[in-house]
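Subject: Structure for you to look at

Hello,

Here is the structure I said I would pass on. Please open it first, then read the notes below.

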Amino acid sequence: MKGSFLSFLLGLCALSAQAQNPIIQTHYTADPAPMVYGDTLYLYVGCDENDAPENSYLMREYRLYTTTDMVNWTDCGTPLRTSAFAWSAGDASAAQCIPRNGKFYWYISSQNTQSPGSSIGVAVGDSPYGPFKDAIGRGLVTNNMTTYAKHSWDDLDPTVFIDDDGQAWLYWGNGVCYRAKLNEDMISLGSEIEAIDRADVSSFSGGFTEAPWLYERGGHYYLLYAAGFPESIHYSMSDAAGGSWKAQGVLMPTERGSNTNHPAIIDYKGHSYFFYHNDALPGGHSYCRSVCIEEFSYTPDGKIPELHMTDAGITEAVGTLYPYRRTEAETIAWSEGVTTKTDEERGVYVTDIHNDDCIKVRCVDFGDKGASRFTACASSRYFGGQIELRIDGKEGETIGTLNIPYTGEWENWREFETLVKGVTGVHDLYLVFKGKKPHALFNLDWWRFDN
């Protein structure tokens with residue numbers, strides 16, 4: 001009965017959902033790499049800088065977002081920068097993190113200042129949140145180790161997978177698909193490097209360009225990859241991670257304006273999700289990209305249907321948000337106008353808040369008793385402002401208004417509270433910000449409801 005009631009509540013919440021793609025609006029993100037660990041989905045992404053020119057990439061860091069419901073994403077900051085690798089030229093190309101034996105191994109790709117061309121590196125941490133450090137102090141794979149392709153940037157876009165027998169595999173490549181076994185230490189190769197011909201039509205439809213993603217489900221092995229340019233996403237299947245691949249065709253055709261796309265696929269809480277990126281955020285282009293997600297179902301024979309980019313994204317949550325504890329303000333389903341910033345002492349917080357900006361938090365379960373009070377931690381250097389608490393829409397019913405005054409400086413954080421109307425049940429919550437133009441109103445660190 002309890003499970004049926006939860007499904008009913010989530011269904012009501014899904015009916016009120018609007019656009020969910022791209023899933024992050026506070027930063028430009030690319031090259032999604034999801035990881036399920038425990039009850040949480042961790043999403044590691046590259047980060048296109050806001051001021052990236054329209055003809056070249058500018059990426060210096062990797063960001064982490066987490067979710068337990070697939071609709072609200074918490075910004076966990078920047079656990080890894082390319083500056084952690086003494087050999088990196090600074091480009092934070094595609095990467096993937098994976099757990100093993102209580103540690104977390106993050107495989108990255110970057111241009112190498114010590115060995116000409118691109119390289120695959122690996123960082124290690126004791127937590128999925130980091131900190132991470134270069135595990136070996138050099139490239140795990142360098143360009144002089146891969147001679148099949150004649151260009152110097154063929155060692156890009158690593159994907160890593162641990163099979164049921166404990167064998168770890170590393171696939172990567174640009175213009176050629178490379179693979180090798182990893183030793184159990186996860187920081188050394190356990191086999192010779194093998195090249196799979198990109199032009200082999202039996203293995204790859206459309207030709208392999210880059211961005212491989214290796215995954216297994218129900219005894220079927222899947223290799224997703226980008227093909228052509230501008231890129232479409234294709235996939236191949238095999239009966240073994242180190243076996244021969246059989247091309248299956250287009251998974252996602254070329255759509256929208258980004259020249260590149262980067263796939264990932266994962267199962268979480270009984271659902272299957274496909275991750276990709278496009279240029280759909282305001283100001284976006286091929287070098288300012290944004291991560292999106294589509295839910296899908298496998299066919300009875302294990303095939304993946306052709307998918308298309310949507311604005312709706314994930315309409316069905318797989319959990320609700322409990323509002324009666326501290327919730328980080330950077331836990332967001334959708335936002336307008338704001339961004340996030342990281343402080344060494346305070347962590348991540350929401351900033352650049354102006355009049356009529358807003359944050360939406362989906363599927364907030366106020367319970368049967370309902371809330372009576374709202375508290376938030378904020379700071380303001382100018383005039384402050386208000387947070388209108390609305391439900392089920394930016395223009396929805398107002399259940400309370402929190403006044404945030406001038407606090408002196410941005411570093412002067414204070415807690416403020418207000419009474420709220422006792423709403424019950426599951427609702428989308430909107431924090432709508434009001435105040436004087438054109439000034440930034442305040443920074444917001446966290447919020448909490450109380451019964």
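This is a predicted model: local features need pLDDT of at least 70, side-chain atom pairs count only at pLDDT 80 or more; totals for chains, interfaces and linings use all residues.

In strand β8, Ser118, Ile120, Val122 and Val124 point one way, Ser119, Gly121, Ala123 and Gly125 point the other way, and all are buried. Buried means under 20% relative accessible area, exposed over 50%, and partly exposed in between, with a 1.4 Å probe and protein chains only.

Residues are numbered from 1 along each chain as its sequence is written, and side-chain values use heavy atoms, leaving out hydrogens and water.

Strands (E, at least two residues) are DSSP runs, numbered from the N terminus. Two strands pair if DSSP finds at least two bridges between them. Strand β7 (residues 103-111) runs antiparallel to β8, joined by 8 bridges; Ser110 has Ser119 of β8 as its bridge partner. Their hairpin has 6 residues between the strands, and Gly117 takes a positive phi near 105° there. Strand β9 (residues 133-134) is also antiparallel to β8, with 2 bridges, and its Asp134 stands opposite Ala123.

Elsewhere, Thr209 is part of strand β14 (residues 208-217). Thr209 counts as buried because its relative accessibility is 13%. A polar atom of the Thr209 side chain lies 2.9 Å from the backbone nitrogen of Gly228.

Regards

Notes. Helices (H or I, at least four residues) and strands (E, at least two) are DSSP runs, numbered from the N terminus. A polar contact is a pair of N or O atoms within 3.5 Å; within protein, one must be able to donate a hydrogen and the other to accept it, and residues adjacent in sequence count only if both atoms are side-chain atoms.
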